[in-house]
Amino acid sequence: MFNFYKKKNFRKIYILLGISITLFLCIFLNQNLSIKNVLGETNKDLFSKKLLVNYNSFFEIKKVTLNGRSKSNLDSIKKIVNSSLDKNKNIINYDISNIRNSLEEINWINKVFIRKIFPNKINIGIEEHKEFAIFNKNEKSFLISQEGKIIHEIRNPKAYKLINIEGKFAIQNIGNVKKFISNNAELEEQISKIIVHSDNRLDVIINNILFKLPNKNTKEATGKILRFTNVKNLKMVDLRFFEKKIFLKIDTKKMALKNKK
């Protein structure tokens, strides 16, 4: 009987001991796994941060080269480029179109070409405007390009060996002015001013003589200019009706010459 109870008590003890050991092992393993998970997450975060730092460092813009600049303001270019780099130094995310548009607003700059050279270089190519003429408006003088863009205001037009252009519609009709000059290259160096009228008709000043040209048959009328360029005291030659008559103005007198066919 005693042996029975003794065995029964031992069984209880064994069961309790087994349950205790099992619980201890579960708690131990759970704690260790939790610590490993925390360490794992920490290591993942550290790895991700390190990877991001290396990524940004590898693609960080370290060199910007500038080609083609001659007359455009270098400080203005640097200001735009540096401002863009302050916002984003990563070459992959670098906004080319935005910086191109900003640079093309600078007076002398016509076109901008930007190229990414991976992993960390930017090449900026600049095409500047070519000065074409001096535009006179409201007693002010402006340097204009071949495209008719106003480059900047100038104080001393005589310092430039360029043709002066006047007229409300001169800029809009810059193509016609260029065509006229191209078609009359022999007169280009003698022309001091071209006046553009609303109907696209041109007047030219050569040797301080005003020559009024017609809308049609301009080439034929222009061919007669050289006949009058050296006439003394001549102020004006009206060639608008040259096929019938040519009107002259000498000082305060007016004359009309019949065209000889």
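**Close-up views of a predicted model**

In the protein chain, 44% of the contacts (heavy atoms within 4.5 Å) between residues at least 6 apart in sequence join residues at least 24 apart. This is a predicted model, in which local features need pLDDT of at least 70 and side-chain atom pairs count only at pLDDT 80 or more, while totals for chains, interfaces and linings use all residues. Residues are numbered from 1 along each chain as its sequence is written, and side-chain values use heavy atoms, with hydrogens and water left out.

**View 1. The protein chain as a whole.** The protein chain has five helices and 13 strands. Both are DSSP runs numbered from the N terminus: helices are H or I with at least four residues, strands are E with at least two. Of its 261 residues, 30% count as buried. Buried means under 20% relative accessible area, exposed over 50%, and partly exposed in between (1.4 Å probe, protein chains only). The protein chain exposes about 18,300 Å². Carbon and sulfur atoms supply 54% of that area, which comes from the Shrake-Rupley method with a 1.4 Å probe.

**View 2. Phe 58 and Phe 59, an aromatic pair.** The structure holds two aromatic pairs. The ring centres of Phe 58 and Phe 59 lie 4.9 Å apart and the planes meet at 85°, so this pair is edge-to-face. Rings of Phe, Tyr and Trp (its six-membered ring) pair if their centres lie within 6.5 Å; planes under 30 degrees apart count as stacked, over 60 as edge-to-face and the rest as tilted.

**View 3. Phe 59 and Phe 118, a link between distant parts of the chain.** Phe 59 counts as buried because its relative accessibility is 18%. Phe 59 also forms an edge-to-face pair with Phe 118, at 6.5 Å centre to centre and 80° between the planes. Phe 59 sits in the loop between helix H1 (2–58) and strand E1 (63–67). Phe 118 sits in the loop between strand E2 (109–117) and strand E3 (121–128). The two are 59 residues apart. Phe 118, at 52% relative accessibility, counts as exposed. Phe 58, Phe 59 and Phe 118 form one aromatic cluster.

**View 4. Asn 164 in strand E7.** Asn 164 belongs to strand E7 (residues 163–166). Its relative accessibility is 16%, so Asn 164 counts as buried. Leaving aside neighbours within four places in sequence, Asn 164 is in contact with Ile 134, Asn 136, Pro 157, Ser 192, Lys 193 and Ile 194.
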